[in-house]
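Me: I am new to this structure. Please show me how to read it, one feature at a time.

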Amino acid sequence: MAMKSLSFLAVLSLLALTLPLAIASDPSQLQDFCVSANTSANGVFVNGKFCKDPKLVTADDFYFSGLQNARPVTSPVGSTVTAVNVNNLLGLNTLGISLVRIDYAVNGQNPPHTHPRATEILVVEQGPLLVGFVTSNPDNRLFTKVLNEGDVFVFPEGLIHFQANIGKGPAVAFAALSSQNPGVITIANTVFGANPAINPTILAKAFQLDPKVVVDLQTKFKK
């Protein structure tokens, strides 16, 4: 009887160890693909998107063109991000990947930001770029590197990271992300451009700034 009880406890212990791992992993796909559809007319709702009837899927659902073309850079930070995700490449739905092209003006940057749902791996086509990421509290350790053409760097999921053009001409990089819709939280825009605005007193204390400076920043980032 004691041996049976011991075996039962051993099984329970094994289940306790393995169940969280099973829950944490992505579920296996039950079909070859699940191309996103705009309406429910020809599909069912899966993971935030309707899935097109596989019989109606064409090669164009897995195709995106023009990423080789430079994009105009007009943003105040001096960069333009062109995303290829589930919203414009419908065949990416449920596949867990996406891609971006980043064009940088001289002295431009992709400012500190984070992707809440994805790790990012970046390759420089035209550089150089100064890149880096910061670890979470309490260490807040900065990992940074100067990348030249053909160099690759990875940014762990959820950590704040950035890229800056330190060359004398425009720069270009491509990045792959481990989510069909990784999301992006640009730190300055999120904090100072929140709608409605965060109380300036709170931000002044958090950033150790004069409240007037905070109000000025909120005005700059107001949408």
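Me: Is Val-57 buried or exposed?

Reply: First, the ground rules. This is a predicted model, where local features need pLDDT of at least 70, side-chain atom pairs count only at pLDDT 80 or more, and totals for chains, interfaces and linings use all residues. Residues are numbered from 1 along each chain as its sequence is written, and side-chain values use heavy atoms, leaving out hydrogens and water. Buried means under 20% relative accessible area, exposed over 50%, partly exposed in between (1.4 Å probe, protein chains only). Val-57 has a relative accessible area of 17%, so Val-57 is buried.

Me: Where is Val-57 found?

Reply: Strands are DSSP runs (E, at least two residues), numbered from the N terminus. Val-57 lies in the loop between strand S3 (49-52) and strand S4 (79-84).

Me: Which residues is Val-57 in contact with, leaving aside neighbours within four places in sequence?

Reply: Contact means heavy atoms within 4.5 Å. Val-57 touches Phe-33, Val-35, Lys-52 and Phe-62 in this sense. Val-35 is 22 residues apart from Val-57 along the chain, and their C-alpha atoms are separated by 7.2 Å.

Me: What is the order of the strands in the open sheet?

Reply: Two strands pair if DSSP finds at least two bridges between them. Here 5 strands run S4-S5-S12-S7-S10, with antiparallel pairing. S4 and strand S10 (152-155) each have a single partner strand, so one side of each is left without a neighbour in the sheet.

Me: How many bridges join strand S7 to S10?

Reply: There are 4, between S10 and strand S7 (residues 120-126). In one of them, Val-123 has Val-152 as its partner in S10.
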